[in-house]
Amino acid sequence: MARRIDAAGLTLKDQVISINRVTKVVKGGKNLSFSALVVVGDGSGHVGYGAGKAREVPMAIRKAIEAAKKALVKVNITSTSIPHAVVGHFGAGKVLLKPAPPGTGVIAGGAVRAVVEAAGIQNVLTKSLGTTNPHNVVKATMDALLKLRNSEEVAATRGKALEEITA
């Protein structure tokens, strides 16, 4: 399922989804650090997410961007929307993505919006069900995007010609 892409040839835009202050209690006191969740995409079907953790926020974001670039995948999208409705799952998070006609825009909240916009989808209806944890919502959204299949893939799976499927 992991269709990894090389990030070198793409012009990627990154968006920070969440920054969290985390504390580890050790013998000498508390160690403070920051964790960042970032999504990167080129706006034409390539998208990835990553998490980074460091003592300072900029370093955590930099680490998350590097992780996201390593986890780039190609998703099947039509000209401005998605080919069909799909539900993605991860943990307690569920994300429903539905295609929308041109002019609708991205109807999505927080983490789902960031992933969908990074992928280059311009018209989509979404609903996030279950958890509001950004990590699980992002992973559920990515699961949904990876489940998307275009007409050619469906025809190949069924062993039929593309004309038979679309007719």
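Which strands does H3 lie across, at about 140 degrees to S5? The legends below take this up in a predicted model.

View 1. H3 lies across S5, strand S6 (93–99) and S8. The helix runs at about 140 degrees to S5. These strands belong to an open sheet of four, ordered S5-S6-S8-S7. Its pairing is mixed. Strand S5 (86–90) and strand S7 (106–107) are the edge strands, and each pairs on one side only.

**View 2. The pairing of S7 with S8.** S7 and S8 run in the parallel sense and pair over two bridges. Look for Ile 107, which stands opposite Leu 125 in S8.

View 3. The four strands form an open sheet in the order S1-S2-S3-S4. The pairing is antiparallel. At the edges are strand S1 (13–26) and strand S4 (73–74), each pairing on one side only.

**View 4. The pairing of S2 with S3.** Strand S2 (residues 29–41) meets strand S3 (residues 46–54) in the antiparallel sense. Eight bridges join the two strands. One point to find is Leu 37, whose bridge partner in S3 is Ala 51.

**View 5. Helix H3 by itself.** H3 covers residues 134–147, which makes 14 residues. From its first C-alpha to its last, the helix reaches 20 Å. That is close to the 20 Å expected at 1.5 Å a residue. Which residues of H3 are buried? They are Asn 136, Val 137, Val 138, Ala 140, Thr 141, Met 142, Ala 144, Leu 145 and Leu 146.

**View 6. Asn 123 in its loop.** Asn 123 sits in the loop between helix H2 (110–119) and strand S8 (124–130). Is Asn 123 buried or exposed? Its relative accessible area is 6%, so Asn 123 counts as buried; the cut-off is under 20%. A polar atom of the Asn 123 side chain lies 3.2 Å from the backbone nitrogen of Gly 103. Leaving aside neighbours within four places in sequence, Asn 123 is in contact with Thr 80, Ser 81, Ala 100, Pro 101, Pro 102, Gly 103, Thr 104 and Gly 105.

Conventions. Residues are numbered from 1 along each chain as its sequence is written. This is a predicted model: local features need pLDDT of at least 70, side-chain atom pairs count only at pLDDT 80 or more; totals for chains, interfaces and linings use all residues. Side-chain values use heavy atoms; hydrogens and water are left out. The expected span of a helix is 1.5 Å times one less than its number of residues. Buried means under 20% relative accessible area, exposed over 50%, partly exposed in between (1.4 Å probe, protein chains only). A polar contact is a pair of N or O atoms within 3.5 Å; within protein, one must be able to donate a hydrogen and the other to accept it, and residues adjacent in sequence count only if both atoms are side-chain atoms. Contact means heavy atoms within 4.5 Å. Two strands pair if DSSP finds at least two bridges between them. Axes are lines fitted to C-alpha atoms, for helices over the stretch in contact, and angles run from 0 to 180 degrees between N-to-C directions.
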